[in-house]
Amino acid sequence: MDPKSLGTTTPERLGAAVQGASAQKDVQKNSCRGSFEAHRCRGGWPARECGPEELPGAARGLRDVLDLPEGGARPPAASSIASDVRQLAEKYGKELAACGALSAELSAYVAFAEALSAALAEAVAGRGAAAVPAELYAHGAGAGMLCYPSAFLRELGERLAGYDWAAAPGADLLGQAYRQIVQKEVRKKFGEFYTPDWIIRLILWRALHLLVRGRLPDRALPHSDAEADREVVELIDEHYRSRGAVPSFVDPTCGSFAFGVRYIDALIRWRQEKGRMSPAELAEEVLASVAGIEVNPVAAAAAKANYLLQLYRLLGGARLPRRPDPPILNLDLLRLERPPRRFDLVAGNLPWINVSALPADRREAAKDSARRLGVLPPGPAAGKMDLSVPLFAAALTRLAESGGVVALMVPATIFRGVHGARWRELLARHHLAEVWDLTGVKPFDDAEGQPGIVFLRK
Amino acid sequence: MTFAYFELSGCRPADLEQAAACAKIRRADLAAVSLGGRTYWLTKEAYEAARDLLGASAYRGRAGAGFGTARGVWLVEGEPQPAEPPPGAPRNRRYVLVETRWGREAGLEPFAVEEDYVFRGFHGRDVEVGRIAGYRRFLAPYRRDGTPLAWEELQKTQLWRSYLGREGVQRTLKASAKYGKREWWHIERMGPRAVARFKVAWRDVADRFIPAVEAAGAVPAHTAHYAAAESLEEAYYLLAFLLAPQINAVIREISPWVGHVEPGFLSYFRIPKHSPHCPAHRRLAELGREISRRGLDAEAEEEIEKLVEERC
């Protein structure tokens, strides 16, 4: 049973949903990858099972979430969300996770993101939120937690209802909160780096120029964020007028969906300025054409919440005829052989991990994918391949529409040397427009490294 | 296929306004070029300069031997000292007293081994333009022609009795040889070519060729690469050729990360087999010999730039 399809429900149906979620548990566990896998408890997942009888009580505790559209007292900010999560983790830490503060904080963070998503989804559909505890249960199990205590859910609901979510910014709120919760050293260890907003704007601005006008802008940089934003709106409008649709977009390794949030924010501004669609029409268009893929379940939960927050902003009180289900796919791009659709714009920041640092099974799987995609470096260089190489190839060959634009951040190390030779060969078969080396501006607060950007037209 | 390349530097901007105000932007036009069947990106300038030199080489670059790996098991500390034959050892062979890096850390006393199993080698950092600035000694259960001892032979040696027969040494070497598909007492890439008398070796960590001639058969370590030559004249010729500015303009753009001049790079350039009858080759060999004595200067580099374009 898919707990997402529940809508308004009864305690009996909640119980049935729990049974279904239990059956999904192993599948979800196995799909967990990335940093969360490393954060989880040694020796297995926390063991407390919760019975179906506990959930109706939790559902009552979360009723406050139903009042979201009326708005809370304060606008949401990353610092206050991070503070809420820390307090929840501290108070309910032992019940949330049996293996330390970080695990409890991540569990509370996931619960916060999932509850926010569920509440926003219900709010924009104009329905009740009784399904929230069941979703929390299902997704919580996937994130390593078998049961959220009722008191925790009650308090979580109170905290969520304390914000005016309509006042959320057009930025990666959940990602910013995450960075305040999880220490820099831990994020660095797992290759989780924050992409500065100016780079996201730069990439979207140049990629849309290439997509819509067939060439890149003459000047390398716009004079300001505002100028880039204005031009992006014009480019979206040009695309809409010539093709009858906004450019479709996917971030192939979306993290908390920072690129997607910025893109939806641009679409919101486009609608406000050009008025070519109603909020509900654009929301439907966004749901059909703006997507993200993320292997890490924690990041995927944040991405979904970020996505729904932007839809909530976009709708501004308008309703959708159905409960929205943002297309954030929690899976490994390298295993996505047949994507549901192709996209005009493939943009994002790929993870940079030398495969030699991966566990043996993942290392071999990555090399196997690279071989099948034709980008496995020759000879001994294969052992030092960067994971971004097969991910780029998969994004280009499987996700990009013919004529579409791929604009992805990669380590600039693959611009040179044998380990990037096959990747460069792949690029030479398409219309490579330009590459950027950002090593000299050290754009990442939390990492050294050699960031680069590639813009190409498929 | 050409495309634009942008390099940003100068500041760490917080937004696009700051980026536009403080970032320095270098723009270049790049071309995707296939070298040795691999695709590289070169600036138009480097490509134009080297265009006539891109092609197949008569020489093959090889990576140096792995005597510097395995936690210093093979590396000899200091100079070996002549020693009397140990009790029971054949008296018709010469022996030396040695101490290895691994042995020193393990608290092992210096021990006697056959002098034949002590080889001369050098690391990449020992290679300077034109000369090898310093040498190392290392143990190797190999004949002087570079072929390894068979298991039965090995067990009859003093090297085995003094050192390789020890459990700790074997454990370290076996761990190191695990993925190499080789016998544990073999040294990776050690062989007849590595001990060849004449060769041109160059540093791995560099962003241009830093070549030197080795004329006494010393073995390059894994931090250096080399190409074997048939004569000293040929080695000097190759040394000079590798200093051609056109070649190094390309190397600078294809060497990855901090700069690695990989063995395969040699095969990307049209370096003809040395011919003593060709005046240009003879002059290059002369220049190589002078560079080995005096180092490289702008005048020599300019002459090399012209000579490598000449056909014989």
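Student: How many residues does the contact take from chain A and from chain B?

Tutor: Some conventions come first. This is a predicted model, in which local features need pLDDT of at least 70 and side-chain atom pairs count only at pLDDT 80 or more, while totals for chains, interfaces and linings use all residues. Residues are numbered from 1 along each chain as its sequence is written, and chains are lettered from A and ligands numbered from 1 in the order in which they are written. Two residues are in contact if their C-beta atoms, placed from the backbone, lie within 7 Å. Here the contact takes 30 residues from chain A and 29 residues from chain B.

Student: Which element supplies the largest share of the side of chain A that touches chain B?

Tutor: Helices (H or I, at least four residues) and strands (E, at least two) are DSSP runs, numbered from the N terminus. The largest share, 8 residues, comes from S6(A). Helix H10 (197-213), helix H11 (225-243) and helix H17 (421-428) of chain A are among the elements that each supply at least two residues, as is strand S6 (431-440).

Student: In which sense do S6(A) and strand S1 of chain B pair?

Tutor: Strands of a sheet pair through backbone hydrogen bonds, either parallel or antiparallel. Two strands count as paired if DSSP finds at least two bridges between them. S6(A) and S1(B), residues 2-9, pair in the parallel sense over 5 bridges. Within this pairing, A:Asp437 has B:Glu7 as its bridge partner.

Student: What is the strand order of the open sheet in chain B?

Tutor: The order is S5-S12-S9-S15, with mixed pairing of the 4 strands. Strands S5 (75-76) and S15 (219-220) of chain B are the edges, each pairing on one side only. Strands S9 (118-122) and S12 (136-139) of chain B run antiparallel and are joined by 4 bridges; B:Phe119 stands opposite B:Phe138 in S12(B).

Student: Which residues touch the most other members of the largest nonpolar core?

Tutor: In soluble globular proteins, nonpolar side chains tend to be buried together. A nonpolar core is a set of buried Ala, Val, Leu, Ile, Met, Phe, Trp, Tyr and Cys residues joined through C-beta atoms within 7 Å; a residue is buried if 20 or more other C-beta atoms, placed from the backbone, lie within 10 Å of its own. Of the 230 residues in the largest core, A:Ala207, A:Ala395, A:Leu408 and B:Ala240 touch the most other members. Helix H5 (residues 101-125) of chain A gives the most to this core, with 16 residues.

Definitions and conventions. Buried ≥ 20, exposed ≤ 12 C-beta atoms within 10 Å, placed from the backbone.
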